Amino acid sequence: MPLPIDLSGRVALVTGVSNGLGTGVARMLAKAGAGVAGCGFSPGDSTGAKAFVASVEAAGRRALYRRTDVERPGDLEALVEAAVAEFGRLDILVSNAGRNVFTGAEHCAESDWQRNLDLNLASHWRLAKLCKPHLEAGGHGVVQIMTSNHAYATIPGCFPYNIAKTALTGLVRALAIEWGPKIRAVGIAPGFVETPGNDTWFASFPDPEAERQRTLGMHPAGKLGTCDDIGAWSAFLASDFAAFATGTTYVIDGGRLALLQDS
Ligand SMILES: NC(=O)c1ccc[n+]([C@@H]2O[C@H](COP(=O)([O-])OP(=O)(O)OC[C@H]3O[C@@H](n4cnc5c(N)ncnc54)[C@H](OP(=O)(O)O)[C@@H]3O)[C@@H](O)[C@H]2O)c1
């Protein structure tokens, strides 16, 4: 007996759809039946923006793309207004946009610290606040915040990114207890996902393929994640099947956190 995830009639707002994980989230939400409003830093005529619109429309759903800087509160307001004007409702927020700010605790400049807080922490809170009344109105409100396995364990040099990602797990708890039961709030903490950024990471090693195999060896699942793996989780967590899921963050990392370093 099939158990389909059915989000038909619902509308999602997803940030960071022009590249990486957001592409998979938008695609899988659309495949489950949701219309998708999305944003990225790139302009609307960029390859990434066009690919987002094409992937949602290929699933038979409506798409809206708006160039947005999530660090700017005014841009966030305009994004939510545009999404509601286009679709008339909002049921699912996937606050995903973010970038690595990797400097290290000793040499992190004040400007990097502040930028990381604005982009990787405050933007998620600000956007969730703007979406709240719309999410409540539809009766199926879900906020999903994209954090990281760096919220739980990290490596030298990933400061201050890991600080913001850890704080997001607290944001998820706060939204769940303050905005429930009308709105559920969950975090998604991906591990190593195949994205252009991680290709660049492998390419920075003298032997990229050897590094890739070494990384794969740290994954009990025997694979790295894909954007669609994360998108499928997002679709499930947005659905009524996940009605009992709120206030917590789900680590999706192929088992890497379960493995001790000396294994
Ligand atoms: N990849 C991984 O393995 C991994 C693991 C754990 C967590 N994550 C998290 O997943 C999220 C997405 O990461 P990713 O790897 O998919 O990164 P990515 O490939 O670099 O894509 C980031 C997306 O966010 C957008 N973006 C960045 N800064 C923005 C801003 N100021 N305003 C609006 N949009 C902005 C980008 O837009 P443009 O491309 O148009 O500039 C792009 O669409 C991040 O929160 C990241 O921390 C990723």
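A: Ser46 sits in the loop that runs between strand 2 (35-40) and helix 2, and the model in which it is seen here is a predicted one. With a relative accessibility of 14%, Ser46 counts as buried, because the cut-off for that class is under 20%. A polar atom of the Ser46 side chain lies 2.7 Å from the backbone oxygen of Pro43.

For Val36, if neighbours within four places in sequence are left aside, the contacts are Ala12, Val14, Ala26, Leu29, Ala30, Phe52, Val56, Arg62, Ala63, Leu64 and Phe87.

Turning to the charged groups, side chains of opposite charge can pair when their charged atoms come close. The count of salt bridges in this model comes to ten. In one of them, the side chains of Arg115 and Glu71 meet at 3.0 Å, taken from N to O. This pair links distant parts of the chain, since Arg115 belongs to helix 4 (residues 110-138) while Glu71 belongs to the loop between strand 3 and helix 3 (73-87), and the two are 44 residues apart. Arg115 is partly exposed, with a relative accessible area of 35%, and Glu71, at 22% relative accessibility, likewise counts as partly exposed.

Another salt bridge joins Asp75 to Arg72, with 3.9 Å between the closest N and O atoms. In the salt bridge between Glu211 and Arg214, the closest N and O atoms are 3.0 Å apart. Both Glu211 and Arg214 lie in helix 7 (residues 208-216), where they are three residues apart, or about one turn of the helix. Glu211 is buried, its relative accessible area being 10%.

Notes:
Residues are numbered from 1 along each chain as its sequence is written. This is a predicted model: local features need pLDDT of at least 70, side-chain atom pairs count only at pLDDT 80 or more; totals for chains, interfaces and linings use all residues. Side-chain values use heavy atoms; hydrogens and water are left out. Contact means heavy atoms within 4.5 Å. Helices (H or I, at least four residues) and strands (E, at least two) are DSSP runs, numbered from the N terminus. Buried means under 20% relative accessible area, exposed over 50%, partly exposed in between (1.4 Å probe, protein chains only). A polar contact is a pair of N or O atoms within 3.5 Å; within protein, one must be able to donate a hydrogen and the other to accept it, and residues adjacent in sequence count only if both atoms are side-chain atoms. A salt bridge is a side-chain nitrogen of Lys or Arg within 4 Å of a carboxyl oxygen of Asp or Glu.
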